[in-house]
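Hello,

Here is the structure I said I would pass on to you. Please open it first, then read the notes below with it on the screen.

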Amino acid sequence: MARWLETYCKPPMVEDTTAENYETVVRVHILPGLGEIPLQKLTTADVQQWVNAKTVGGRADGKPGGMSPRMVHYMHFLLQRALEQARKDGLVARNVAQDVILPKMSKKKKPIFLNPDELDRFLDVAEGDRLFPAFYLEMGTGIRRGELLGLKRSDLDLEKGTVTIRRQLVKLKGGSVFHEHAKTEAGERTIALPKDAVEVLRFHLRRLDNEKALCGPAYEDNDLVFCQENGRKINPRNFTRHFDKLLEKAGVRHIPFHGARHTHATELLAAGVDLKTIQERLGHSSYRVTADLYAHIGEELQRDAAEKIDAVLTRRKRKADLQAGQRARRGTGK
């Protein structure tokens, strides 16, 4: 496993964050269960027992209960990839992880988002906050947290009312770093901004200029749109914690920060925006990803549309019945 990580799972073969994630899964979950078994003696039964143990009670935090089927599938995926590479390298005759029976995957979780009332309450509370422009822009564009915190002034064209996504700020063990590219090929995109967001950003940039002047030589100028008062990068986790506190202050149920992205998408769907446009704004790799993610919301909107047209048709039917009754009464002289 160490050889696989070192040889095949380091940048530039994979992203920094992916490499860290792989290493954590191997160290915390795979090696404690299977690491003492010599590679050539590892059997399908060994891997099956490991999968079963993780499913029933394999949490690394010591809490009771097993790991989610999705996580078990992911850990097995990494082990299978490593063993397949070992087979290609001639270290083993076959990949013993291939024939393992995995737990059934639960249905995809529905995206969590703020409803219109919750969104209004959150924005009302956040409006006086220094980072309000970041949250306002998030709700108006649906960009990822890393894309939001990685924005530079050069990415904004407030005359045209657009923002271009070119990079992301990611959290690594050694600190936050910029990835000078979007998450996916589709992730590099230019998004039209709501008019109100343009004005909010204009005010925000003027305030940044004032902060820079007050801070003087101590200011760390990274050209960031959203930064600390001394110009330094915002820790993504601290940013999310701040978001959580504002939700609590607004008396709104907790949602993950990614839920703000879902909020943007669902508001667009409710307004009648087509899925292709939403896919382009969110930077999803394919239309299918967007369609699958928001399928249930589309179904709800379809039901709502059916109820509305039903009301129209029922009203028309009542009118026709009334007219027929009137004609019948005239024909009988009543």
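**Aromatic pairs and salt bridges**

Phe 243 has a relative accessibility of 0%, so this residue counts as buried. Please keep in mind that the model is a predicted one.

The aromatic rings come first in these notes. A pair of aromatic rings is described by two things, the distance of the centres and the angle of the planes. There are 9 aromatic pairs in the structure. In one of them, Phe 122 and Phe 135, the ring centres are 5.9 Å apart and the planes stand at 75°, so this pair is edge-to-face. Phe 122 sits in helix α5 (residues 116–126) and Phe 135 in helix α6 (residues 132–141), so that the pair links distant parts of the chain, 13 residues apart. Phe 122 and Phe 135 are both buried.

Phe 243 and Phe 257 make another edge-to-face pair, because their planes are at 85°, with the ring centres 5.0 Å apart. Phe 243 belongs to helix α9 (residues 236–249), while Phe 257 is in the loop between α9 and α10 (258–270), so the pair ties together parts 14 residues apart in sequence. Phe 257 has a relative accessible area of 6% and is buried.

Next come the charged side chains. Side chains of opposite charge can pair when their charged atoms come close. The count of salt bridges is 16.

Asp 117 and Arg 121 form one of them, at 3.2 Å from N to O. Both residues are in helix α5, and they are 4 residues apart, so about one helical turn separates them. Asp 117 is partly exposed at 47% relative accessibility, and Arg 121 is partly exposed at 32%.

Which residue does Arg 130 meet in a salt bridge? The partner is Glu 211, with 2.9 Å from N to O. Arg 130 is in the loop between α5 and α6 and Glu 211 is in helix α8 (residues 195–215), so this pair ties together parts 81 residues apart in sequence. Both Arg 130 and Glu 211 are buried.

Arg 153 has a salt bridge to Asp 209, and their closest N and O atoms are 2.9 Å apart. Arg 153 lies in the loop between α7 (145–149) and β1 (156–157), and Asp 209 lies in helix α8, so parts 56 residues apart in sequence are tied together. Arg 153 is partly exposed at 28% relative accessibility, and Asp 209 is partly exposed at 39%.

Finally, a network of salt bridges links Arg 144, Glu 147 and Arg 189.

Regards

How values were computed:
Residues are numbered from 1 along each chain as its sequence is written. This is a predicted model: local features need pLDDT of at least 70, side-chain atom pairs count only at pLDDT 80 or more; totals for chains, interfaces and linings use all residues. Side-chain values use heavy atoms; hydrogens and water are left out. Rings of Phe, Tyr and Trp (its six-membered ring) pair if their centres lie within 6.5 Å; planes under 30 degrees apart count as stacked, over 60 as edge-to-face and the rest as tilted. Helices (H or I, at least four residues) and strands (E, at least two) are DSSP runs, numbered from the N terminus. Buried means under 20% relative accessible area, exposed over 50%, partly exposed in between (1.4 Å probe, protein chains only). A salt bridge is a side-chain nitrogen of Lys or Arg within 4 Å of a carboxyl oxygen of Asp or Glu.
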